[in-house]
Amino acid sequence: MSNKRTKDKKVVLGSGRIGTCDDVELWNAKRWCRRISSTETEIPANYIYMGQSSGDHNDYSSTFSDCNSDRSGEFPTTSSQGRRLLLACAADNCDDLIRQLVSDLNSCSIDEQKQAAMEIRLLAKNKPENRLKIAGAGAIKPLISLISSSDAQLQENGVTAILNLSLCDENKELIASSGAIKPLVRALKTGTSTAKENAACALLRLSQIEENKIVIGMAGAIPLLVNLLGYGSFRGKKDASTTLYSLCSVKENKIRAIQAGIMKPLVELMADFGSNMVDKAAYVLSQLVSLPEGKTSLVEEDGIPVLVEILEDGSQRQKEIAVAILLQICEDSLAYRNMVAREGAIPPLVALSQSSANRSKQKAEALIDLLRQPRSGNVAARTSDVSV
């Protein structure tokens with residue numbers, strides 16, 4: 001009787017709502033999961049992204065924060081499966097559930113596969129230690145097979161589960177060696193908008209292993225990412241730019257991106273100050289103009305007037321990256337120097353050299369010297385010491 005009374009005792013759950021003690025267990029689990037979900041993508045103070053610390057003056061991390069892991073909604077609370085998952089998320093040990101879910105991934109029933117993939121996706125999203133447990137239980141290969149499914153929801157859950165597992169650095173090599181790259185690239189082409197975005201993010205995670213960058217490029221990811229950059233949602237554009245920035249540290253992928261027509265969407269995004277993509281597009285561009293083909297493509301897409309406009313009206317960081325790009329363009333080309341000067345770059349450069357920190361001041365002064373003395377080989381040589 002005492003157990004019955006305890007179970008049925010009315011308690012306050014939160015926001016004045018009343019429930020039984022049995023409800024408390026479920027409510028607390030849901031609150032825990034929501035708290036983890038809301039904080040998962042915050043960037044800590046010592047965050048390091050692509051070799052740059054978030055404490056750096058010219059840090060890339062504040063421009064290219066990692067792709068979001070998973071934007072799935074709250075867990076269902078009306079089914080026994082939803083209740084099981086909520087309690088498993090809050091529990092310290094969900095090994096038995098994980099083993100059962102991995103077994104269900106191999107079921108002949110698409111519905112069972114969907115449920116298992118969704119639950120694995122969410123378990124990996126909301127509790128970092130589950131990512132190693134799920135991979136250790138053998139989930140990666142069956143999840144990869146789901147990425148090629150003709151069922152859109154099953155494919156999306158497979159892609160997103162792989163993405164969430166890849167957030168654990170220890171899993172990235174196993175995911176790549178298990179054959180995930182080609183299916184993820186196919187999902188970039190055939191998936192739902194969410195599947196495409198999450199496939200881009202998963203490829204970003206895998207590209208953080210240097211040797212995977214060439215493999216991803218050879219698998220055909222670059223043109224698909226360029227398409228997502230040009231025509232995707234805001235999140236798609238952001239995820240595509242972040243992944244392209246990582247992949248285009250490799251020369252072969254820079255060439256692929258230029259050939260795929262990346263310059264047009266990059267210039268359009270830089271020209272649109274309301275896009276919230278100026279910084280990201282400019283950083284990707286800064287990698288591409290290291291190649292002659294990149295410089296030529298930028299000029300053909302009328303990128304120089306856009307860069308000068310950023311010098312005039314952009315934020316401090318945007319001005320600094322615009323100066324760095326213009327330095328690369330002008331360094332060895334009298335024709336490009338004349339084009340930049342004709343666009344009226346010198347006045348905003350003078351203002352930048354007088355008002356900015358030392359790093360921007362150095363770049364602005366070097367570019368002013370180039371534009372005022374376009375035939376001076378000595379000045380051109382000096383700019384090679386000014387880093388992007």
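## Exercises on helix α8 and its neighbours

The crossing of α7 and α8 is left-handed (the near helix is turned anticlockwise from the far one by less than a right angle; clockwise would be right-handed). The model is predicted, so local features need pLDDT of at least 70 and side-chain atom pairs pLDDT 80 or more, while totals for chains, interfaces and linings use all residues. Residues are numbered from 1 along each chain as its sequence is written, and side-chain values use heavy atoms, without hydrogens and water.

**Exercise 1.** Describe how α7 packs on α8.

*Solution.* Start with the elements. The chain has 24 helices and 4 strands (DSSP runs numbered from the N terminus: H or I of at least four residues for helices, E of at least two for strands). Helix α7 spans residues 140-147. Helix α8 spans residues 152-166.

Next, take the geometry. The axes of α7 and α8 lie 7 Å apart, at an angle of about 140° (axes are lines fitted to C-alpha atoms, for helices over the stretch in contact; angles run from 0 to 180 degrees between N-to-C directions). That makes α7 oblique to α8 (under 35 degrees is roughly parallel, over 145 roughly antiparallel, 65 to 115 roughly perpendicular, the rest oblique).

Last, list the residues in contact (heavy atoms within 4.5 Å). From α7 come I140, L143, I144, L146 and I147. From α8, they include L154, G158, I162 and L165.

**Exercise 2.** Describe how α5 packs on α8.

*Solution.* Helix α5 covers residues 110-126. The axes of α5 and α8 come within 8 Å and cross at roughly 25°. That makes α5 roughly parallel to α8. The crossing of α5 and α8 is left-handed. Among the residues that meet are I110, A117 and R121 in α5, and L154, A161 and L165 in α8.

**Exercise 3.** Is S166 buried or exposed? Which residues does S166 touch?

*Solution.* Then check its surface. S166 has a relative accessible area of 0%, so S166 is buried (under 20% is buried, over 50% exposed, in between partly exposed; 1.4 Å probe, protein chains only). Across the chain, 53% of the 388 residues count as buried.

Now look around the residue. Leaving out residues up to four places away in sequence, S166 touches K172, I175, A202 and R205. A polar side-chain atom of S166 lies 2.6 Å from the backbone oxygen of L163.

Definitions and conventions: A polar contact is a pair of N or O atoms within 3.5 Å; within protein, one must be able to donate a hydrogen and the other to accept it, and residues adjacent in sequence count only if both atoms are side-chain atoms.
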